[in-house]
Every structure is written in structure tokens, then in C-alpha cells.
Amino acid sequence: MEIRFTTGESPLGSVLVATTDKGICAVSLRQSDEGAEEYLRARFPKAVIRRGDTPLKRALDVVQQRIAGHKLDDVLPLDLQGTDFQREVWDQLLAIPAGSTRSYLDVAQAINRPKATRAVAQACGANPVAVVVPCHRVVMSDGSIGGYSGLPGVKKALLAAEGALVPSQAQATSGA
């Protein structure tokens with residue numbers, strides 16, 4: 001498999017976008033371009049990986065715009081590589097509207113596996129296409145942010161950029 005990638009800056013760190021011939025296979029936010037490239041090589045150890053800045057300019061721009069809370073409905077071709085269960089979860093994530101959240105339980109129920117909340121959380125953590133497949137829109141049942149496999153603060157920042165009510169705002173609104 002051949003993968004092309006590019007990197008760019010965002011307010012949340014260095015962003016990497018990688019594609020196969022089928023579509024985007026990885027999006028990662030890291031502290032540096034080097035860290036992002038290391039993530040890509042570790043995720044796809046058998047792939048031939050090459051830099052491809054010019055052909056990936058549009059995809060990088062859309063991802064950078066999404067990080068800023070814009071172009072949230074732009075459809076990008078994806079090449080999601082994971083187990084059947086993971087892809088089922090990721091499909092549900094793609095159905096969550098921008099600015100909205102769902103709990104891990106909501107996602108588990110949507111795939112008819114209401115007892116699989118931990119497995120759903122693990123699938124969210126394994127999401128290779130962060131920001132585009134919006135795992136950041138999945139929160140704990142009590143409304144708290146929960147975990148995120150990227151840099152600290154990224155999940156909250158992505159939700160805020162989309163206009164989602166994040167826990168600190170929810171507490172202020174409810175008077176808690």
C-alpha cells in the first residue's frame with residue numbers, strides 16, 4: 001500500500017493528513033510534524049509512505065478549516081482501515097451532526113450493542129481519521145468530555161469550535 005501525506009499548522013498543533021488512492025486514511029494532531037509522521041509510520045508499518053504536499057493541499061485545507069469550526073459538512077473520500085466493529089462505530093460518528101454530541105452509550109445503542117460502551121470508547125480511540133471522523137463528538141453519559149487520544153485540550157477545543165455545549169459551558173448555563 002502506498003500512502004501520501006502532508007503536514008501543516010493549526011491552532012491545536014501540527015496536523016497530518018494522509019491518503020491512499022481510495023481516500024484519507026489518517027489525520028493526526030501532534031506537537032510537531034516529526035511526531036505526526038512517526039504516528040503515521042507506526043500506524044501503517046508495511047506501507048510505502050511518501051510526502052505529497054501539492055496533491056493533498058485541498059484535503060489539508062479542509063481539515064484545517066474543520067479544526068477552526070468551518071467546512072464541517074464538506075465530504076471527503078475516506079479509506080477507513082479497521083475491524084468491522086470499528087468501522088461500524090466510525091460510521092455512527094459520521095452521522096453525528098456538527099455542534100452535537102452523543103454518549104458512548106448512545107453510539108453503542110445505535111449499533112444495537114448497548115453493552116459495548118467500552119468497546120465503542122476503544123473504537124473512538126482507535127479512529128485513524130481524527131477531526132474528519134468526529135470522535136470528539138462522543139462524550140461520557142454524564143456530559144463530561146471523557147478521553148481523547150490526541151493532545152490534551154483538543155477534544156474540548158474542537159467541540160467549542162463547532163459551537164457544541166462543552167461541560168464548562170453546560171455547568172455555567174445550568175448554574176452548577
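Modeller: Helices (H or I, at least four residues) and strands (E, at least two) are DSSP runs, numbered from the N terminus. Ser14 lies in strand 2, residues 13-19. This is a predicted model, in which local features need pLDDT of at least 70, side-chain atom pairs count only at pLDDT 80 or more, and totals for chains, interfaces and linings use all residues. Residues are numbered from 1 along each chain as its sequence is written, and side-chain values use heavy atoms, with hydrogens and water left out.

Colleague: Why is Ser14 called buried?

Modeller: Buried means under 20% relative accessible area, exposed over 50%, and partly exposed in between (1.4 Å probe, protein chains only). Ser14 has a relative accessible area of 1%, and is therefore buried.

Colleague: What makes strand 3 largely enclosed by the rest of the structure?

Modeller: Six of the seven residues of strand 3 (residues 24-30) are buried, so the strand is largely enclosed.

Colleague: How do you know that strand 2 and strand 3 are joined?

Modeller: Two strands pair if DSSP finds at least two bridges between them. Six bridges join strand 2 to strand 3, and the two run antiparallel. One of the bridge partners in strand 3 is Ile24, which faces Thr19 as its partner.

Colleague: Why is Cys25 in no disulfide?

Modeller: A disulfide is a pair of cysteine sulfur atoms within 2.5 Å. By this rule the count is zero. For Cys25, the nearest cysteine sulfur, that of Cys135, is 16 Å away. For Cys135, the nearest is that of Cys124, at 6.1 Å, and Cys135 is likewise in no disulfide.
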